[in-house]
Amino acid sequence: MPVFATAGIGGMSVYVAVFLVLVAVWCFAGRYFATRPVIAKALARWGHILLPLVLIVIGLLILIEGGAFGL
């Protein structure tokens, strides 16, 4: 059964709070790394290649862990 369908008000509140905290962590980490000159130069040069690769790998991991390929 889907987690969000069975979660009550308290459980859903916890999910939302954790999600918002982790989004804030990602935003602060992104700002921290983007303001470092060496990393900012690397992202400016290779970001258009690196980002799609990272997203594809994450998507493949989700599919594999979810059993989409019957492995």
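**Exercise 1. State which helix of the protein chain has the lowest mean pLDDT and which the highest.**

Solution. Helix α1 (residues 3-6) has the lowest mean pLDDT, 80, and α2 the highest, 94. Here pLDDT is the predictor's confidence in each residue, from 0 to 100. Across the protein chain the average is 90, and 97% of the residues score at least 70. Where pLDDT is low, the predicted coordinates should not be read in detail.

The model is predicted: local features need pLDDT of at least 70, side-chain atom pairs count only at pLDDT 80 or more, and totals for chains, interfaces and linings use all residues. Residues are numbered from 1 along each chain as its sequence is written, and side-chain values use heavy atoms, with hydrogens and water left out.

**Exercise 2. Describe the elements and the overall dimensions of the protein chain.**

Solution. Begin with the elements: there are 3 helices and 0 strands, in the order α-α-α from the N terminus (DSSP runs; helices are H or I of at least four residues, strands E of at least two). Next, the C-alpha atoms fill a box of roughly 45 × 35 × 15 Å along the principal axes. Then compare the radius of gyration, taken over C-alpha atoms: the chain has 17 Å, whereas a compact globule of 71 residues would have one near 11 Å. The globule rule is 2.2 Å times the number of residues to the power 0.38.

**Exercise 3. Decide whether Gly-10 is buried, partly exposed or exposed, and place Gly-10 in the chain.**

Solution. Gly-10 is in helix α2. Its relative accessible area is 46%. Partly exposed lies between the buried limit and the exposed limit of over 50%, so Gly-10 is partly exposed. The C-alpha atoms of Gly-10 and Val-57 are 33 Å apart, with the two residues 47 apart along the chain.

**Exercise 4. Work out which helices line the largest pocket and what kinds of residue they supply.**

Solution. α2 (9-34) and α3 (37-65) each supply at least two lining residues. The largest share, 7 residues, comes from α3. By type, the lining has 9 nonpolar residues, 2 polar and no charged. Among the lining residues are Trp-26, Phe-33, Gly-47 and Ile-58.

Methods
1 Å grid on protein atoms, 1.4 Å probe; cavity = no way out; pocket = protein on both sides within 12 Å on 5 of 7 lines; lining within 4 Å. Nonpolar A, V, L, I, M, F, W, Y, C, P; charged D, E, K, R; others polar. Buried < 20%, exposed > 50% of the residue type's maximum accessible area, 1.4 Å probe, protein only.
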